Amino acid sequence: RSRIVVKRNAPQLLKKFFENKNWEPSVISLSGNTDCYQPIERKMRITRKLLEICLEYRNPVGILSKNALVLRDLDVIQELNKYNLVRVFSSITSLDENLRRLLEPRTASYRSRLKVVETLSKNGVPTGIMNAPLITGLYDMHMPAVLKEASEAGAKWAGYTVVRLNGAI
């Protein structure tokens with residue numbers, strides 16, 4: 001059994017934070033440990049509301065996702081980009097779909113993620129990839145192919161995070 005915890009009041013909390021007299025704009029990262037474009041976002045639209053608030057207050061935002069739903073918000077992302085307030089990264093660890101299905105179920109295919117990079121890039125949105133999580137010995141050798149494909153799709157940056165698996169893991 002799994003449970004998704006939804007912070008329904010996140011937009012109101014962000015707005016309250018921005019309205020604090022001591023607030024100074026600084027980059028807010030959407031995602032990190034949990035993808036902000038999980039399937040439930042189609043219904044909840046929390047991420048979209050957060051982006052709209054960032055636009056309203058002219059606060060910079062970074063987005064990292066494994067899902068193509070980010071393109072739903074292209075209009076808001078383009079508006080943020082007019083003020084140089086956004087960067088979008090797609091997480092692409094490999095081009096091997098069998099690995100993706102095993103390690104990242106319920107996420108967009110790697111081809112779909114490359115299409116996200118291409119679409120954002122063609123629309124002038126600064127975009128890159130995270131080759132993460134990188135698991136040494138499983139798909140670290142895929143990095144050159146991923147970087148080549150991402151570059152051809154329009155990615156301007158790439159980063160990576162290595163996962164260290166200890167002992168019996």
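Leaving aside its neighbours within four places in sequence, which residues is V88 in contact with?

1. On the model. This is a predicted model, in which local features need pLDDT of at least 70 and side-chain atom pairs count only at pLDDT 80 or more, while totals for chains, interfaces and linings use all residues. Residues are numbered from 1 along each chain as its sequence is written, and side-chain values use heavy atoms, with hydrogens and water left out.

2. The sheet. Five strands form an open sheet with parallel pairing, in the order β1-β2-β3-β4-β5; strands (E, at least two residues) and helices (H or I, at least four residues) are DSSP runs numbered from the N terminus, and two strands pair if DSSP finds at least two bridges between them. The edge strands, each of which pairs on one side only, are β1 (28-30) and β5 (157-163). From one strand to the next the twist averages 20°, where axes are lines fitted to C-alpha atoms, for helices over the stretch in contact, and angles run from 0 to 180 degrees between N-to-C directions.

3. Pairings within the sheet. Strand β2 (residues 61-65) is joined by five bridges to strand β3 (residues 86-91), the two running parallel, and G62 stands opposite R87 in β3. Between β3 and β4, which also run parallel, there are four bridges, with S90 standing opposite I129 in β4. Six bridges pair β4 and β5 in the parallel sense, and W157 in β5 is the bridge partner of G128.

4. V88 and the largest core. To return to the opening question, V88 is in contact with I63, V70, I77, L120, V125, P126, T127 and G128, leaving aside its neighbours within four places in sequence; contact means heavy atoms within 4.5 Å. V88 is also among the residues with the most contacts inside the largest nonpolar core, which has 28 residues. Such a core is a set of buried Ala, Val, Leu, Ile, Met, Phe, Trp, Tyr and Cys residues joined through side-chain atoms within 4.5 Å, and buried means under 20% relative accessible area, exposed over 50%, and partly exposed in between (1.4 Å probe, protein chains only). Helix α3 gives the most to this core, with seven residues. A second, separate core of nine residues includes Y110, L114, I129 and V146.

5. Helix α4. Helix α4 (residues 74-82) lies across β2 and β3, and runs at about 135° to β3.

6. Helix α6. This helix has 13 residues and reaches 18 Å from its first C-alpha to its last, close to the 18 Å expected at 1.5 Å a residue, the expected span being 1.5 Å times one less than the number of residues. Its buried residues include Y110, R113, L114, V116, V117 and L120. They cover an arc of only 145° around the axis, which puts them on the same side of α6; the arc is that of the directions from the helix axis to the C-beta atoms. What covers the buried residues of α6 includes α4, β3, α5 (97-103), β4 (127-135) and α7 (143-153).

7. Because eight of its nine residues are buried, β4 is largely enclosed by the rest of the structure. P133 has its place in this strand, and a cis peptide bond, with omega about 0°, joins A132 and P133. In the loop between β4 and α7 is L138, which is partly exposed, with a relative accessible area of 35%, and which is in contact with L99 and L103 once its neighbours within four places in sequence are left aside.

8. Backbone angles to check. Most residues other than glycine have a negative phi, and most peptide bonds are trans. R45, in the loop between α2 (41-44) and α3, has a positive phi near 60°. R58, in the loop between α3 and β2, likewise has a positive phi, of about 55°, although it is not a glycine.

9. I46 in helix α3. I46 lies in helix α3 and counts as buried at 13% relative accessibility. The C-alpha atoms of I46 and A10 are separated by 7.3 Å, although these residues are 36 residues apart along the chain.
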